Each structure stands twice: as C-alpha cells, then as structure tokens.
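Here is a short report on one protein. Look at the sequence and the model first, then read on.

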Amino acid sequence: MPPRKNARPGRDRLLDAAERLFAKRGFHGVSIRDITDAAKVDVALVNYHFGDKRGLLTQVFERRAEVLNRERLERLDAVRPRADGSYDLEEVVNAFMEPLILRSARGGRMWKAYFALIAQVNNSPELSVLMTRYFDPVVRRFIDVLGAALPGADPRDVYWAYHFLTGALTLTFAETGRLDKLSQKRCRSSDLEAVHLRFAPFMAAGFAALAARRAGDTPAPAPRQGRARARRRGATAAG
C-alpha cells in the first residue's frame, strides 16, 4: 500500500509550521524557506495564501485570537454584578485568565507555542500592532468591567493595573523556565495549577491597592539607594 499523503491542507500546515518556528526563533529569525520546508509545501504557497511573511504571521496570530476572545467574552458575560453594580475582582481576572489556563493544559503543544509567540509580540514595538488589532476590542470590555469593580478609582490606575496584568500574563504563559531556575525548582513555570491558585488573588489585590492609593500626579520619592544608583548609572536595568 502506498504511503498516505498528509491530509491537512497546505495552508494549515504553513500556519502550524510558522507558529512553531516563530515561537521558537522569533519573527526575524525564521525565513519563508524555513517555514515551507517544515510544512513540506512549495514556497509559492506562502505568496498565494498570505502574500508575504508578515501576512503569514498575521494569520497565525488571528486564528487563535478569535478563539480566546470568544471564550473570554463568554466568561466575562457570566460574571454578575453585585447589588451596588460593582464586580468581584478575582472573578473578572479569572474570566480573562482561565481560557489561557485551559488551552495551555488541554490544547497541546501548538497552543503553548502560540502563547510563547504572544509574549514576543506583546513585547515588540514593531509587532504589537497585532495585539491592538486582535485583542483590544475585548480588552476594552474587560477594562470597563474592571473600572466598575473599582468605583471611584482613577481611570489611569485601572489602565496601569491592566498593563501590569497583561505583562505578567504573557510572561507566565510563555513558560520560559526562568522561574524554575530562580526557585531552584521549588516552582515550575509549567505548573498551571499553581498559576490558577495564585494569579487572580495576586492581581485582584494589586488592582484594589493601586486604586485605593489615589496618589495623584506626583510620583512617590525614589528610595535613597535607588536614587544613588540612578545617579551613578543614569538608567535602571531590567531583572
């Protein structure tokens, strides 16, 4: 019996191969030839289906964004306001986070590759336009509900708190393994149960604390050691 041909259409194989390679090596670290070789298709199919490599990245990003957006909105719609119109912060954060937990736990290696790709795109000034295009409409819904959960909060605090949340979320689901090294394997970045247990309480407390502080426009003075270091180095370094 002759060997069976790959039944998956060439377009789908291109999307899968591009997603895997972009997640591993970054957008600029992968050539069209790398992708077509991995997908076992002709180079011309990229132009036919996507136009160019950027068009291919856009379609890779879009296909799973649609799934996450739908699942997030379904969960958000299930969060009921209290009698005073406010919302439980942990429930709102979980509505945003739990679809990622479930997809990462049950969706196989391709969903994990997608989350690694999101972490790269979210941290790229060049590529973050994809986050704006495909996630911002849903994010704005969440920010509206978060604002309702924090009545009287400065809207700037809500936006900053969301900014911190999405940074933590993308790093957490990229599962880089750095946590494993820092904790000497006491913690595992792939431990989704530990993430589920801790993420929403931590973020909800941060939202509430930042909103309650109402510091206004004047920044708090830097610690003495931090000011001295800034004078010496002229800049801060990322951890």
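The report goes from the overall fold to the core and then to the rings.

## Ground rules

This is a predicted model: local features need pLDDT of at least 70, side-chain atom pairs count only at pLDDT 80 or more, and totals for chains, interfaces and linings use all residues. Residues are numbered from 1 along each chain as its sequence is written, and side-chain values use heavy atoms, leaving out hydrogens and water.

## Overall fold

The protein has 11 helices and 0 strands. Helices (H or I, at least four residues) and strands (E, at least two) are DSSP runs, numbered from the N terminus. Of its 239 residues, 42% are buried. Buried means under 20% relative accessible area, with a 1.4 Å probe and protein chains only.

## The core

The largest nonpolar core holds 69 residues. Such a core is a set of buried Ala, Val, Leu, Ile, Met, Phe, Trp, Tyr and Cys residues joined through side-chain atoms within 4.5 Å. Helix α7 (residues 129-149) gives the most to this core, with 11 residues.

## Aromatic rings

The whole structure contains 11 aromatic pairs. Rings of Phe, Tyr and Trp (its six-membered ring) pair if their centres lie within 6.5 Å; planes under 30 degrees apart are stacked, over 60 edge-to-face, and the rest tilted. Phe61 and Tyr114 form a tilted pair, 5.8 Å centre to centre, with 50° between the planes. Phe61 lies in helix α4 (residues 53-78) and Tyr114 in helix α6 (residues 109-122), so the pair ties together parts 53 residues apart in sequence. Both Phe61 and Tyr114 are buried.

Definitions and conventions:
Buried means under 20% relative accessible area, exposed over 50%, partly exposed in between (1.4 Å probe, protein chains only).
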